[in-house]
Amino acid sequence: MSQQPISLMEMPEWQALQQHFSEIQNKHMRDMFAEDDSRFDQFSVELNEILFDYSKNRITKETIGLLVELAHACELPQQIDAMFDAKKINATEGRAVLHTALRNQTDQPLVLDGEDVHHQVRTEIERAYQLAEQVRNGDWLGYTNKPITDIVNIGIGGSYLGPQMVTEALSPFVKPTLNFHFVANLDENQIDDVLAPLDPETTLFIVCSKTFTTQETMFNANTARNWFLSLVNDKSKLSKHFVAVSTNIEAAKSFGINDQNIFSMWDWVGGRYSMWSAIGLSIMIAIGKQQFEQLLKGASEVDQHFRSAELANNIPALMGLLGVWYNNFFDAQAIAVLPYSQHLHRFPAYLQQADMESNGKSVALSGKRINYSSGPVLFGELGNPGQHAFYQLLHQGTKLIPIDVIATARNISGDNKHQDALMSNVFAQTEALMKGKNEQEVRQELESGSLNQEAIDNLVPHKIFEGNRPSNTLLLQALTPSNLGSLIALYEHKIFTQGIIWKINSFDQWGVELGKQLAQSILKDLSADGNASSSSDSDSESNNSSNRDSSTTGLMSHYINQRN
């Protein structure tokens, strides 16, 4: 990615936003709506079956104009083109960023290092489709010639969160005769609970690990393998019950997987962007080729929108710029994603990785530490349960937390009574967050009751809602594969937009490495002789026992004593 000659906060466009913020920061959205009855029309964009309403934000036309100017100054359009054109924008790893190529709907070649990426992708996807259809049709038979009934996806991070989220989100489209299970936790209780009711004759395991060395994935994969062999006692049968998605073909073959059942990954796809590839094999089995293609199609349509639409009408660009507006000018350190759709209950967890692993960075592409806030803390929960949990803080807390509300106009399998009641909450919550309730309104409400004046005076401050709390609403016609693909892609490109503005690399994740390295060293001590090494050890290599603090050493010793 190209670097700007001056730091972000010194840019004239940034300083213009800072001046604008000082003028607008105390303006109430209630007044903005009162002054302009066309506000919804001005600040909403439709794309296919998704409406993005951002009118309930602390913005004016000038705000959007200034944010767009900042985006142009940071070369966002050029960086979008660079990503789609296979430039190696992941500078710290020297890689292209081509998850968009996984869902590309054209036949136009895309050449990277002399190879046509689109041809590679289609070839591998077709192989995965063939396996998926065999399982769905009952043609893939286990070692006793019984069809598969249960699929266990073993992975971690993107190879777990993506497949699980999509499979559960699209449950009305899942083949009803198949059961899906997702394992990621190193705590063996998860895989033990999954394996307990399963029959090895009818279970298929999908091991998803780019390197086939990831600790969590391989511990769980080996536990599954040992469970299978304890019941079958024949390694030759493994190939009928284990498949893999990995670049390490030899390791997968040594595990017992037939090389015809090993599907490729590429270094130009990060794990959190990989569900569109063969990592999505469990999704393909669940919903079938036709619906998986619709998932890809929906994402591809957003890709084209992101690349071609003017920034002022570009949904993911606007989402990203609004996030910068609150994060860096209003000092909002968290955002909430609130789906009012049961089937999207894992979507916030999926976005936590996508957003915080991407933009949780404190060093710019230049290698210098940044002096401004970057990625926010993202959390979320289903809307209605959340209303009875943490919405109190959203409405009356001391922290400003912008929210994204996601809802569907139509429930594929439900009735309108439930849906109308659900949507009444969607509209009420965003209106309440925007409007609030002032002292005069509170007093009028209380005075209509039976309380005396002293009781009213005591209660008034507790019932005032200051409002002016921002929200975006993403309203889908229905939760279909195409619309879900679009929704995911909107957030992917929002994250990219913010990374460009903050001048960070959204596509590496060095921050996860140190803990992994230390865990390997600690595991050796825990497994060796049951003795937690202290700082007196003679071995002085970095990240080993000689560098451990007294707390870690003490905790390890206490664990060993309790374990034994």
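**Exercise 1.** Determine how many bridges join strand β10 to strand β12, and which residue of β12 is the bridge partner of Val337.

*Solution.* Strand β10 (residues 334–339) and strand β12 (residues 403–408) run parallel and are joined by 4 bridges, where strands are DSSP runs of E with at least two residues, numbered from the N terminus, and two strands pair if DSSP finds at least two bridges between them. Within β12, Asp404 is the bridge partner of Val337. The model is predicted, so local features need pLDDT of at least 70 and side-chain atom pairs count only at pLDDT 80 or more, while totals for chains, interfaces and linings use all residues. Residues are numbered from 1 along each chain as its sequence is written, and side-chain values use heavy atoms, leaving out hydrogens and water.

**Exercise 2.** Describe what caps the N-terminal end of helix α6 and what follows the helix.

*Solution.* Helix α6 (residues 117–137) has 21 residues, helices being DSSP runs of H or I with at least four residues. After α6 comes Gly138, whose phi is positive, near 80°. The buried residues of α6 (under 20% relative accessible area, with a 1.4 Å probe and protein chains only) include Val117, His118, Val121 and Glu124.

Key
Expected span 1.5 Å × (residues − 1). Buried < 20%, exposed > 50% of the residue type's maximum accessible area, 1.4 Å probe, protein only. Polar contact = N/O pair within 3.5 Å; in protein donor to acceptor, adjacent residues only side chain to side chain.
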